[in-house]
Amino acid sequence: MRAILAAAAFALSGCASDDATLAPRIEAGLMRLGADADRSRCFAARLGDDPAAREAAKLVEKSAGRDELKARALDADKKTRRAFIAANLARPRGVSVTEGRGA
């Protein structure tokens, strides 16, 4: 019985720690795609708090470039697409995640 409880506790703690790493995963992925640190951090903080953060992190990590990320985000399910749009709209005016230096 103790072994079952220990295994269940380990599985639950693993899930919680995975959720806590979503924003840093998104930030690192955006930086890999060419966004600067400030833009990546801002976008990841906003997107990482969204319920669709897990799927967003997967899309960022799978993308080979910012154009591919944009296409993946626009083709994603409604919840994930809205999360990307909301995070982008929450950025300061005139700063786009897909422009020049951004991812």
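These notebook entries record what I looked up in a predicted model of one protein.

**Entry 1: Ground rules**

I number residues from 1 along each chain as its sequence is written.

**Entry 2: Overall fold**

I looked up the secondary structure and found 6 helices and 0 strands. Helices (H or I, at least four residues) and strands (E, at least two) are DSSP runs, numbered from the N terminus. Along the sequence the pattern reads α-α-α-α-α-α.

I then looked up burial: of the 103 residues, 29% count as buried. The term buried means under 20% relative accessible area, exposed means over 50%, and partly exposed lies in between, with a 1.4 Å probe and protein chains only. The accessible surface comes to about 6,300 Å² (Shrake-Rupley method, 1.4 Å probe), and 59% of this surface belongs to carbon and sulfur atoms.

For contacts (heavy atoms within 4.5 Å), I noted those with a separation of 6 or more; residues 24 or more positions apart account for 66% of them.

**Entry 3: The nonpolar core**

I define a nonpolar core as a set of buried Ala, Val, Leu, Ile, Met, Phe, Trp, Tyr and Cys residues joined through side-chain atoms within 4.5 Å. The largest one has 20 residues, and Ile-26, Phe-43 and Phe-84 are among those with the most contacts inside it. Two or more residues come from each of H2, H3, helix H4 (53-62), H5 and helix H6 (78-89). Which helix gives the largest share of this core? H4 does, with 5 residues.

**Entry 4: One aromatic pair**

I found 1 aromatic pair. Rings of Phe, Tyr and Trp (its six-membered ring) pair if their centres lie within 6.5 Å; planes under 30 degrees apart count as stacked, over 60 as edge-to-face, and the rest as tilted. Phe-43 and Phe-84 form a tilted pair, at 6.3 Å centre to centre and 40 degrees between the planes. Phe-43 lies in helix H3 and Phe-84 in helix H6, so this pair ties together parts that are 41 residues apart in sequence. Both Phe-43 and Phe-84 are buried.

**Entry 5: Salt bridges**

Side chains of opposite charge can pair when their charged atoms come close. I count a salt bridge when a side-chain nitrogen of Lys or Arg is within 4 Å of a carboxyl oxygen of Asp or Glu. The count comes to 5.

Glu-27 bridges to Arg-41, with the closest N and O atoms 3.8 Å apart. Glu-27 is in helix H2 (residues 22-32) and Arg-41 in helix H3 (residues 37-48), 14 residues apart. Arg-41 is partly exposed at 42% relative accessible area.

Arg-72 bridges to Glu-68 at 2.7 Å between the closest N and O atoms. They are separated by about one helical turn because they stand 4 residues apart in helix H5 (residues 66-75). Arg-72 is partly exposed at 29%. Shared partners join Glu-27, Asp-38 and Arg-41 into one network of salt bridges.

**Entry 6: Thr-80**

Not counting residues up to four places away in sequence, Thr-80 touches Ala-52, Glu-55, Ala-56 and Leu-59.

Conventions:
This is a predicted model: local features need pLDDT of at least 70, side-chain atom pairs count only at pLDDT 80 or more; totals for chains, interfaces and linings use all residues. Side-chain values use heavy atoms; hydrogens and water are left out.
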